[in-house]
Amino acid sequence: MCGIVGYFGKRKASDILVDGLRRLEYRGYDSAGIACLFDGRIDVVKNPGKIKDLRLKVDSAASPILKESIQGIGHTRWATHGPPNEVNAHPHLDASGHFAMVHNGIIENYKDIRSGLAKEGIECISDTDSETLVQLIAFCYKGNLEDAVSEALQRIKGTYGIVVMTDHEPGKLVVARCGSPIVIGIGRNETLIASDASAIIPHTRDAIYLEDFDMAVITPDGMEICSVDRAPVSREVTAMDWDAAAAEKGEYKHFMLKEMFEQPQSIRNAIRGRLDYEMGTAVLSGLDFSARDAAQINRVLVVGCGTSMHAGMVGEYAIEEMAGVNAEVEQAAEFRYRNPLITPSDLVVAISQSGETADTLAAVREAKQKGALVAGLCNVVGSTIARETGRGVYLHAGPEIGVASTKAFTCQVSVMLMMALKLARTRRMPGHEGTEFARWIQRLPELVEEVLKQNDAIKAIAQKYAKCEHAFFIGRGYLFPVALEGALKLKEISYVHAEGYHAAELKHGPIALLQEDTPVIALLNNVPGKEKTQGNAEECKARKAPVIAVVSAGDEGAAEGFDDVIVVPDCPPAITTIPTVVALQLLAYHIAAARGCEIDQPRNLAKSVTVE
Ligand code: G6P
């Protein structure tokens, strides 16, 4: 969603800001802008549309401020209040033009603030909630920016990550956070601010992650951090460990393609050192409960959104089947509001690639409030969910830039399978079965490689169906969440209307929609109930819908009579979820590519959804 960058140092600010915004493009946005301060004046350039157009606008501007400034702020906006146009884009200025601010989050009481300002003769010019905050800061200003920010923030309700500057106090940036992440990078003679480490990682590895209600004041003399109500706080400098190269496309046409091909390695990283073949279990040190405590867990509740929730569903099946522990998965957005019944013997697992999804974070807080054991499965190190859960497992997938999640999903499933193994071994699973399952997990990278080798064959199938406007994915058991994820991938990046269904559900409605140009992707690999799904695929064929059958190697006969076939390695049902989803990722990618879609930044989507 929205992205923030800020800079104060010795280099040309506009270059660093625009480059930082380019690195945040993946989060999803529809307008962007920067503001720079030089020689006691602020200049702003904003643009609805892409960063490359913003860059052209900045480069062609004659303004000496943009050319000379060493201090500035920038923003990518994903429209919430008002359409994506130049006025609504950030940075916002106050009415006097002396204050500039970028804001992520939502000011819930902005209408009250706006009418209060109007009574003072201050009119807002944009539709946004954000503009009211900079107007309020300017209104509260009595000669010290941090005092004004502190006062204004205590009058608002909602969430924020902000960076503010004023030409009354050149050289100063005030940064604050509540519910919207902010990382401050400390470079040599320079300070960088961002909502996401990927924007600043090329410049420094030393960073401070602000906590909720922190306010940082950056001046040429250094940085001071306090709380928004001015109590002193101390925050540690941590080392960011993501390689800047990992956030570049390299030889690949799209980040999504690169990330799909990285999966053998990312899964290797996710499982490295976490399997104990002798004891037949998984060693997940972040799940710091003893075998005895694990044995007390009565229920596992998995919460997440989007792709992460689908990974949770695979985990739900594995935990129940292998460990015999009651497991349930729920959309985090629903969990947070429906007053769920939680007991201290429940383990709540929050899955989130970004570790910042608003609904998942709220579900974590609700589960903690109700006394459950809470664990996080996050990819982004130091993210809010990772920090607030305090217990959990990092995915080690590396930066995922493509909006459509691929390598994070397969790492999430790998970790869920290890968690199921760990729980299973504290209960009913015998050691030799644990060892066998651990060996299958170890083989996941090579199983994924087998599927990636079929890239060209899958591309050829994709091209046959690239013009379809509707598609159905069907599966059973472990392959039901895979069908959901396959459909999600296709709709996200190709805009084909795609639905995932339990194969048995097809007859309860969706079959009415089948036509000659509506492909059905039937997951017929070796899982219990395969023959039934085969029967469901026959029913689709009888309605003239073309069927793409996904089958296990050695069982190619299962595809007989269907239009196209994708063969994935034969492996146990829980394990097959990963190679199968990789085949569906490739299918979605090539359909989207054939349709000429903008794969890495699909319209209207955001990489990380930080508002409800
Ligand atoms: C957005 C992204 C999805 C992601 C979901 C949950 O919708 O576009 O790819 O699965 O958020 O994100 P999280 O970071 O919590 O996994």
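In this predicted model, Arg22 and Asp19 both belong to helix H1 (residues 13-24) and, being 3 residues apart, are separated by about one helical turn. Their side chains meet in a salt bridge, with an N to O distance of 3.1 Å. Side chains of opposite charge can pair when their charged atoms come close. Arg22 is partly exposed at a relative accessible area of 32%, whereas Asp19 has a relative accessibility of 17% and therefore counts as buried, the limit being under 20%.

The structure holds 35 salt bridges, and some link separate elements. Asp196 pairs with Arg27, their closest N and O atoms being 2.8 Å apart. Because Asp196 lies in the loop between strands E10 and E11 and Arg27 in the loop between H1 and strand E2, this pair ties together parts that are 169 residues apart in sequence. Asp196 is buried, with 9% relative accessibility, and Arg27 is buried as well, at 6%.

A further salt bridge joins Arg235 to Asp214, with 2.6 Å between the closest N and O atoms. Arg235 is located in the loop between strands E13 and E14, and Asp214 in strand E12, so the contact connects parts 21 residues apart in sequence. Here Arg235 is partly exposed at 29%, while Asp214 is buried at 2%.

Helix H19 comprises 22 residues (573-594); at 1.5 Å a residue it should span 32 Å, which agrees with the 32 Å between its end C-alpha atoms. Since 19 of these 22 residues are buried, H19 is largely enclosed by the rest of the structure. Just after H19, Gly596 adopts a positive phi of about 70°.

How values were computed:
Residues are numbered from 1 along each chain as its sequence is written. This is a predicted model: local features need pLDDT of at least 70, side-chain atom pairs count only at pLDDT 80 or more; totals for chains, interfaces and linings use all residues. Side-chain values use heavy atoms; hydrogens and water are left out. Helices (H or I, at least four residues) and strands (E, at least two) are DSSP runs, numbered from the N terminus. The expected span of a helix is 1.5 Å times one less than its number of residues. Buried means under 20% relative accessible area, exposed over 50%, partly exposed in between (1.4 Å probe, protein chains only). A salt bridge is a side-chain nitrogen of Lys or Arg within 4 Å of a carboxyl oxygen of Asp or Glu.
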